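The sequence and the model are shown first, and the description follows.

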Amino acid sequence: MPEPTKKDETETESAPPPPEQKTSQEGETGKGKVWSIGEGAPEETEKRDDAQRSTLFVEKPQSGSVSVGGNITFIAKVEAKDLLRKPNVKWFKGKWMDLASKAGKHLQLKESFERHTKIHTFEMHIIQAKENYAGNYRCEVSYKDKFDSCSFDLEVTESSQAAPSIDIRSAFKRREVKQQEEEPEVDVWELLKNANPSEYEKIAFQYGITDLRGMLKRLKRMRREVKKSAAFAKGLDPAYQVDKGGKVRFMVELADPTVELKWYKNGQEIRPSAKYIFEHKGNQRILFINNCSMTDDARYYVTAGDEKCSTELFVRDPPILVTKGLEDTSTYVGERVELSCEVSEDDANVKWFKNGVELTNEPKSRYRIKVEGKKHTLIIEEAAKNDSATYSVMTTGGQSEAKLSVDLRPLKIQLALEDQTVRLGQEIHLKCEISENVEGKWYKNGQLVEASDRVKLYHKGRIHRFVIASAAVDDEAEYMFVPDAYNINIPCKVHVVDPPKLHLDGLGEGNTVTVVAGSKLRLEIPITGEPTPKVMWSKGDKWLTDSGRIRAETYSDSSCLVIDTAEREDSGPFRITLKNEAGEDTALINIKVVDVPDPPQAPNVTEVGEDWCVMTWEPPANDGGSPILGYFIERKKKQSSRWMRLNFELCKETTFEPKKMIEGVAYEVRVFAVNAIGISKPSMPSKSFVPLAVTSPPTLLAVDGVTDTSVTMKWRPPDHIGAAGLDGYVVEYCFEGNGFSQGISTDLSEELLEPPFNLEADEWIVANPELTDKTKFTINDLPTGSKILVRVKAVNAAGESEPRYHPQPILVKEVIEPPKIRLPRHLKQTYTRRVGETVNLVIPFQGRPRAKVSWQKNGSPIDKNDINIRNTENDTIIFIRKAERSHSGEYDMKVEVENLEDKATIDIQIVDRPGPPEVVTIEDVWGENVNLSWKPPKDDGNAAITGYTIQKADKKSMEWFTVMEHYHRTSATINELIIGNEYYFRIFAENMCGLSEDATMTKESALIAKDGKVYKYPVYDDFDFSERPLFTQPLVNTFAVAGYNATLNCSVRGNPKPKITWLKNKVVIMNDPKYRMFSNQGVCTLEIRKPSPYDGGTYSCRAVNELGEAEVDCKLEVKVIYHGVINPGEPFFLAGNNQLHSKDF
């Protein structure tokens, strides 16, 4: 019945209330529900009306259906974005059963938390559902003052394999099949009000209450205390009860008969009609409802002014009686069965049960329920053996049951199966006939045979046939037909025969089998024949046995030739022979044993280069019975044991050029031969060899000197020397005469690798019979006036390099070269250095032969103990390790060659910082100005004075401030001085080295006097800033979260600066890495790193100086975020790891 929305009964209204909203879905669910025994009773209170409703669910559990014995899961999700801790979630069945206490084998409650999405997921798993699990469920979630709930239904459908969870027949035994005696009328409302909640379902079942949930809600409203009404002298009773079709009377007595009165049913105003009759008797107002039906079962209330009075009307259906019960019935399989009964009313609601399980009238059901007025019939069209059971019928006022027995008819064998013998490939056809048209099963050697593409099973009427179109060997067996539901079998035997045959399709051309020497050959030859043929193997005149290195193994469907460790001598024909009673078959099989080739001979290295070599070898003597496909080459360093493959594609030739070797390292090479079988063993290693290369030719070959009998040549080492190193050089020359080319190069800077003339090798003369390791060599004993051509070769362990030729013939005659000094550009000006620095000058010159160099300083010879001079053939060096001012002057250099000479002069200036100026005098003082004058310093540091720096100082502070820099004159006026101050002045001299080390200060001071009366400054005592420590901001009690850093702050002042000490529980904190202490501008901070609950306590900050001390303290409490649903007190990082386990609920 539709249930109105709950309202407070004492609520006052200024106008007649509008129709209340109906929750039809809830009412319909309540009427259709059959509550299981033992599920408990509703709670005495409703959901929290005073709790603040909010939408906490992100995903609500949805109603579902599950078969008996199946599993189902309901999921609820709650968003935790705005929640500081986990919400509290409860699961209920109905409104009273808390499922947390029922967790066990069939019910499990789980929860989890997704940190990324911040969503709590709560799951209820129902495992192996039973029928009594069906019903309405509710999930409630609460967090502080927030609350939300969601209802959902579970439907458990019947499963043919599931046993009933409740014995319905035992529940029906209270009722008799006979007409029940008249019982006194019982007020169900009074029974429910006075009964224990655990007895509610029993009362509902006994008195035919279908909407138990709706009645309990109304009962709950009835139990509320009704406030005393001023409008009603006597109100309605809490509830009324009437039978269907009966009449009910509602009466109220008004305190004021003039007040307008209105009646309402479920919020809808009632108008007078034939069904609703209104009467007025004095102060009494009466409402009659005639011919009550189930639609009149509702909430009624009457309003008088602003007040109302309500009641509940319960319309009770009269019990349906079974007037004619069921009768026990016996029948045969396949017959039509009808079980009938009669009830007291037409089209009454009657339920049928088989062994306590309710039967439904669905289209696909084998059972059909027929209703004809008061007669109800259960029809089974074709009875089966499993239809034997106890059938019962139930109404609201009675029940009846009867037994149905279904037996089989006697079976006779009209045509039995016959034994058959068939040839392989022929059809097998088995046929039998029985007296009944029933299904059956075929068995082969006791195993059930199913129909397939090969096996055809036919059933037509009473005839059953078994057909195999093409018989196989494994079809030989004992077959049997067994009719369903009968303990009878019809057997026969089938025998399949077949002549022997060898199947050699898998062998190669000419039945040849190739095997690698050293491996095991297991040649399996499939054979057929029925009965199993006898197998014989032979090679030549020798028969093989089932043992030894070469043996034969025979099986039911094959024969194997086995050769352990095949040898080349095993090659040849083998004969196999099959025999049985049906015939004989024979064949020849050729066995060919092949092997890897023999290793080649050791290779020879015929040529060696910088990083390559050329190697050759001979093919192996034996190719192993298979042609040589190619070769693999490997190399290794002589001192190593690791070989490296050089080619990954086969080398078809017997020569190979290894590359990318390291010059100067000894190597060995070896070769592998490859055929179709595999790779041979490696050859013996070659003799070790070292890749070497000659050097490149020498570079920059030039004439260094010529005399009347000798020529001196010089050159540079080769650009590339290589790993073989450089042993030395060979210098060769030849005289002008035969073979000079007409096209001699005139460019002396050109280097030649090819001779500019045609000379035979034997015309060159070796100038040094032994190698020279120097890059300069003199060719002696040459005739004066002759011309020679020179070449040089570099020599190492790999041989001589290409020669380097001098581009021009050289005349053997001494040539005078006039002297010339090539003075560097920076020495053509004055060369300046500071005192203490190093002077190192290199002056190149020209002149031959035997140039003579001399030096003078300021016209006098140089003291070699003070100044070092070193001369060579091409330059001269003057070196002063630590320059002094005395080293300044003009240095004269002269180069002489015989009667020729060249001169040059170098001006060296050694400078230092200047001395201070001479006497500084205050010439005049006027207003805010002072005029100063001074004399230049006596010592200018051997450099011109570039300026002066003037500084001033107040007589009181004597702190110097620069007032002028880089000032060039020897007198200056200082402006903008402060009146009343007295000043001193000092002056620094400056040159290119910087300011003078000392300054000259005025002997007297300059007073900047005021005009008029002289002000006398007052004398003040110094202010005492001393203060004992005082906390200007104390510590504050703090709460911290475990695992997150916490800080305590306060501020203090005091002079002298106080010493800060931190204490925990009156114990000084010292050298503890968990704490960090800071103090900045009087603000003191204590940082506690990742505190735990054990770090809570009283913290103090103490400040101490010589005038006293002060101390402040606070309390720190460390909190841990906890869950509290499954395991109260469990930290959040442990939640979700444990699951609840209990027994079945």
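The model is predicted: local features require pLDDT of at least 70, side-chain atom pairs are counted only at pLDDT 80 or more, and totals for chains, interfaces and linings use all residues. Residues are numbered from 1 along each chain as its sequence is written, and side-chain values use heavy atoms, with hydrogens and water left out.

**Salt bridges**

Side chains of opposite charge can pair when their charged atoms come close. The structure holds 40 salt bridges, a salt bridge being a side-chain nitrogen of Lys or Arg within 4 Å of a carboxyl oxygen of Asp or Glu. Three of these pairs are listed here.

| Pair | N to O distance |
|---|---|
| Lys 77 and Glu 59 | 3.9 Å |
| Arg 138 and Glu 140 | 3.0 Å |
| Glu 668 and Lys 636 | 3.5 Å |

Strands, numbered from the N terminus, are DSSP runs (E, at least two residues). Accessibility is classed as buried (under 20% relative accessible area), exposed (over 50%) or partly exposed (in between), with a 1.4 Å probe and protein chains only. Lys 77 is partly exposed at 28%, and Glu 59 is partly exposed at 35%.

Glu 668 is buried, with a relative accessible area of 15%, and Lys 636 is buried at 10%. Salt bridges with shared partners also join Lys 520, Arg 522, Arg 551, Glu 553 and Asp 564 into one network.

**Strand β9**

Arg 138 is buried at 4% relative accessible area, and its salt-bridge partner Glu 140 is buried at 13%. Asn 136 is found in strand β9 (residues 135–143) and counts as buried because its relative accessibility is 7%. The side chain of Asn 136 makes a polar contact with that of Asp 153 at 2.7 Å.  Here a polar contact is a pair of N or O atoms within 3.5 Å; within protein, one must be able to donate a hydrogen and the other to accept it, and residues adjacent in sequence count only if both atoms are side-chain atoms.

**An open sheet**

An open sheet with mixed pairing is formed by 5 strands in the order β21-β28-β27-β23-β24. Its edge strands, β21 (329–332) and β24 (357–359), each pair on one side only; two strands pair if DSSP finds at least two bridges between them. Strand β21 is joined by 4 bridges to strand β28 (residues 399–407), and the two run parallel. Tyr 332 has Asp 407 in β28 as its bridge partner.

**Loop sites**

Asn 511 lies in the loop between β37 (490–502) and β38 (512–516). Its phi is near 55°, a positive value in a residue other than glycine. Asn 858, in the loop between β64 (852–857) and β65 (860–861), likewise has a positive phi, near 50°. A cis peptide bond, with omega about 5°, joins Asn 1055 and Pro 1056; Pro 1056 is placed in the loop between β81 and β82 (1059–1064).
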